[in-house]
Amino acid sequence: MIIQPTSLAAMTWAGAASGTAAESWRVGTVLDARPLGMGEQGRMVLQIGALTVEADPLGTPLPSQFQVRVLAMGNPPLLEILAGAAADPRVQQALRERLPQQNGYAPLLATLGALAQRPVVRQLPPEVRAALALLDQGVRTPQDITRADGLREAVARSGLFFESQLVRPRTNPMPLGEEDFKAVLLRLAAVLDRQPRLPVHPPASGADTPPPLRQRGLQAQPRAPLAASFGDPSVDDDVGQLLGRLRGDVHAALARLEIAQLDAAGAQAWMIEIPLQGPRGRDVLQLHLEHGQDAETGAGTWTLGFALDLPSLGPLQGELQLRDLRLNVRLWAERSATTERLERQFTPLRQRLAASGLQLDQLSCQTGLPQGQGHASALLLKATA
């Protein structure tokens, strides 16, 4: 669950941030917490670390003792309530290191697109050009992910399962262009780190794009501007600046990917991100894949959620739930025109599902993105100080 304190009862956040409490409330920090009761305004009073805070009721009981993780700073900060298994100190230490460094894939893809427009890129060292080519080949096409085997391959090569693939025996080396996305990022990061005189790109701000944590739910991510601030593509002077920016973007993408890997440790649920080649730009498809068990029948269930922000359609989100051969499909679109476009495809979609042997129990599309989306136990409360 995610809580956002509406106020700090013991002291104001500004005061806490200027004192010793600020050091213990950095992004990624895990703090002990316990409920103290209800305040006069009907808000929960919580003891979190050394501070007493107030938050709107969550609608679900809290244990007598639990832990929270600082997801984002601000006035007020954003805190995530941790499940017991998620409080592994080794996992928490790794998350503390990566959360402030992460950023979404969109800036990385935009910088790569800007570099592709510079003719002088052909004069870069061969190892740089080879690493850039591998990154470019790691971007999937719509044709890839609309086929079952193509989507399976994109998920497998997304980087989330990189280390598990390394320990599996392979009779043949992986063909060029089919490398795991994390392997591609690691190679490019190493190559760029060896280049002399590249400008230092400032660390990414984790607040730009929310981290890929299951408790936070799906987040449709728009395209980043195509590095327009670098001016005319025919001017070669900015290639060093672009490479410096790319180095920062690659390290931020690696931190983001490793956050998703750490969050999936010991769970039957995964947050997966796949770069996509769209018309005149690149997009990011975010997936939430979860395996569970039906409480009534004991049958295995699969849930596939997705989020995507396309320039022509706007933010989209969907959830497919499969129990045996019974399927429920729910879609959401921010724009009413997109809802109408999707609904016009319902009849051929029903026909294709019937031909595949699936029984469609529900197919719907609503205008407006869902609130409090994500894992069944996730709850996001938005409030102001």
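Modeller: Two residues are in contact when they have heavy atoms within 4.5 Å. This is a predicted model, in which local features need pLDDT of at least 70, side-chain atom pairs count only at pLDDT 80 or more, and totals for chains, interfaces and linings use all residues. Residues are numbered from 1 along each chain as its sequence is written, and side-chain values use heavy atoms, leaving out hydrogens and water.

Biologist: Among contacts between residues at least 6 apart in sequence, what share joins residues at least 24 apart?

Modeller: The count takes in contacts in the protein between residues at least 6 apart in sequence. Of these, the share that joins residues at least 24 apart is 65%.

Biologist: How many helices and strands are there in the protein?

Modeller: Helices (H or I, at least four residues) and strands (E, at least two) are DSSP runs, numbered from the N terminus. On that basis the protein has 12 helices and 13 strands.

Biologist: Is Arg 34 buried, partly exposed or exposed?

Modeller: Arg 34 lies in strand β3, residues 30–38. Buried means under 20% relative accessible area, exposed over 50%, and partly exposed in between, with a 1.4 Å probe and protein chains only. Because its relative accessibility is 39%, Arg 34 counts as partly exposed.

Biologist: Which residues does Arg 34 touch, not counting residues up to four places away in sequence?

Modeller: Gln 67 is 33 residues from Arg 34 in sequence, yet their C-alpha atoms are 8.1 Å apart. The residues that Arg 34 touches, with those up to four places away set aside, are Val 45, Leu 46, Gln 47, Ser 64 and Phe 66.

Biologist: Which strands stand at the edges of the open sheet of six strands?

Modeller: Two strands pair if DSSP finds at least two bridges between them. The order in this sheet is β8-β9-β10-β11-β12-β13, with mixed pairing. Two of these strands have a single partner each, so one side of each lacks a neighbour in the sheet: β8 (269–278) and β13 (359–367).

Biologist: Which residue in β11 stands opposite Leu 308?

Modeller: Strands β10 (residues 300–310) and β11 (residues 314–323) run antiparallel and are joined by 10 bridges. Opposite Leu 308 stands Leu 316.

Biologist: Within what arc do the buried residues of α3 fall?

Modeller: Val 91, Gln 92, Ala 94 and Leu 95 are buried in helix α3, residues 89–98. The arc is that of the directions from the helix axis to the C-beta atoms. Seen down the axis of α3, these residues line one face of the helix, because they fall within an arc of 165 degrees.

Biologist: What covers the buried residues of α3?

Modeller: The face turned away from the buried side carries the exposed residues Pro 89 and Arg 90. The cover over the buried residues of α3 includes β3, β6 (66–72) and α10 (239–263).
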